[in-house]
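Visitor: I would like a close look at a single part of this model. Please keep it brisk, and define terms as you go.

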Amino acid sequence: MNSSLWYKNIVLYQVYVRAFCDSNADGHGDLAGVTQKLDYLKELGINCIWLMPTYPSPLKDDGYDIADFYSVHPDFGTLDDFKTLIAEAHKRDLKIITDLVVNHTSDMHPWFQAARADRNSPYRDYYVWSDTDQKYSDARIIFIDTEPSNWTWDEMAGQYYWHRFYASQPDLNYDSPALRNEMLQVQRFWLDLGIDGFRVDAVPYLIEREGTNCENLPETHVFLKEMRRVIDEEYTDRVLLCEANQWPKDVLAYFGNDDEFQMAFNFPLMPRIYMSLYDADKTPIQWALENTPAIPKNAQWCTFLRNHDELTLEMVTEEERQHMWQAYAPDPKMRLNLGIRRRLAPLLENDIRKICLANAILFSLPGSPVIYYGDEIGMGDNIDLFDRNGVRTPMQWDASQNSGFSKADQLYAPIINMDPYSPSMVNVADQQKDENSLWSSVRNMIQIRNQNVVFGTGELILLQTSKAEVLAYTRKDVNETIFVINNLSDLAQEITLNIVSEKQKLKNLFTGNSFDLRENQLLLSLAPYQYLWLS
């Protein structure tokens, strides 16, 4: 494969640096800690690390409220630590992408402080101001649990400022040429350090226009094309990953004509994997696949089961949302905004069969999959912590004090201490020694996926099965065909698949066992939650 298309066949691992590994015993994970764990990620089979924000920040929104785009928060280390991490990752053939928040800054950013203090400051134009809070009234409020309005009055400025997220995160003004140039300089700064790309945060909201919902506006794409142009003209083999929590038909525009993002998250697919598992019915997943449009040849979807935010239910109907809440968040404390603030293992009742099946579906569908740190061992969550912090607790490396995360007396957040999720029951060291553990199963899937490029770039053809409980599809390219069969239910299933193949035998990629084809028919007895990849 063309090396510039490396992103089409990768498995990404999302690292919350604060939670991953504390190298200096101050209670906070740091960049040097991530460097110490690169061999672990390499062994798991990861090809690309996505680092959540490590910029200087008041950390009111876990670093997505940036106070300086050109440095590193002291809790996480220094720019030299960042450079060391990149160099050590590249030595191991690991790519690194970082979060870039283009929509807003922290209200503590010097740009905003200068802007609010003086109407004549050059930075005044970096933000969106108004004498009234009635402008752009058609724009929805995203954080409905915390924000009453998208406008906040600033006493010092004598005006309202615009924000699509928390009031502590004023939106940047992309109608300002100076601001646009500044953000391109930010991009160059990190690319010059050697990172392999950006996961670009909250891209639909860059521009405001009266009479619109202020999302996905044409002017937004003008700036995104500028970002891509910098990548194409000044750098090689770098990638832009789009975070746009929108329907795929709307996200399609963010690929542009191969002149905007190379990658974008497929948001609507994710909740439908959970729906299908809960209802033992393939219909939601099939619906999502059928409603995912074809994308440009050089583009790629990013798929995921969980991440650092709530499990978003924005891309479902009201009826489906209520069903998901009843199924997966019966306690109202488990809910946040339009979503569910739980980790993968608790969502799936800590049933290793279900967790493995969810991963097997993720790794075999089109797109480059993302693993959220700790989900490969089935970490739990803490719904008593504020906001989204319950899914951002320290990584559980072993069963020792502080789960091997830190030698500090005081940690940034408590370790999960309730069984069955405490470090004595869930940790990396124990699972690496157990070939039947979740970690070993996930690693095995990643290795098989890495050996078969058809998973990243092949087409998907849904196969007809007589049972709603069995989801089956073919992943196919000119060189290779793999049949994927998933039993979504807790009952054994007998099925017959019609398969056109010159070969009379199919091999199970997980066990090496073979299955006989008789007159292009495959008879299968599937155990509860069993998955097969047959070549």
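Visitor: Which helix and which strand each supply at least two residues of the lining of the largest cavity?

Guide: They are α13 (352–364) and β14 (368–372). Helices and strands here are DSSP runs numbered from the N terminus (helices: H or I, at least four residues; strands: E, at least two). First, the ground rules. This is a predicted model, where local features need pLDDT of at least 70 and side-chain atom pairs count only at pLDDT 80 or more, while totals for chains, interfaces and linings use all residues. Residues are numbered from 1 along each chain as its sequence is written, and side-chain values use heavy atoms, with hydrogens and water left out.

Now the cavity. A cavity is a set of points on a 1 Å grid, over the protein atoms alone, where a 1.4 Å probe fits but cannot get out; lining residues have an atom within 4 Å of a point. The largest one holds about 60 Å³ of space. That volume is the space filled by probe spheres set on the points, which are joined across faces, edges and corners.

Its lining is made of Leu305, Arg306, Leu344, Asn359, Leu362, Val370, Ile371, Tyr372 and Asp375. β14 gives the largest share, three residues. By class, the lining has six nonpolar, one polar and two charged residues. Nonpolar covers Ala, Val, Leu, Ile, Met, Phe, Trp, Tyr, Cys and Pro; charged covers Asp, Glu, Lys and Arg; the others, Gly among them, are polar.

The structure has two cavities of 30 Å³ or more. Around it sit Arg228, Phe255, Asp258, Phe261, Gln262, Pro296, Asn298 and Ala299. That lining divides into four nonpolar, two polar and two charged residues.

Next, a buried residue. Thr54 lies in the loop between β2 (48–51) and α4 (79–91). Thr54 counts as buried because its relative accessible area is 5% (buried is under 20%, exposed over 50%, partly exposed in between, with a 1.4 Å probe and protein chains only). Leaving out residues up to four places away in sequence, Thr54 touches Val17, Leu31, Ser71, Val72, His73, Phe76 and Phe82. Contact means heavy atoms within 4.5 Å.

Methods
1 Å grid on protein atoms, 1.4 Å probe; cavity = no way out; pocket = protein on both sides within 12 Å on 5 of 7 lines; lining within 4 Å.
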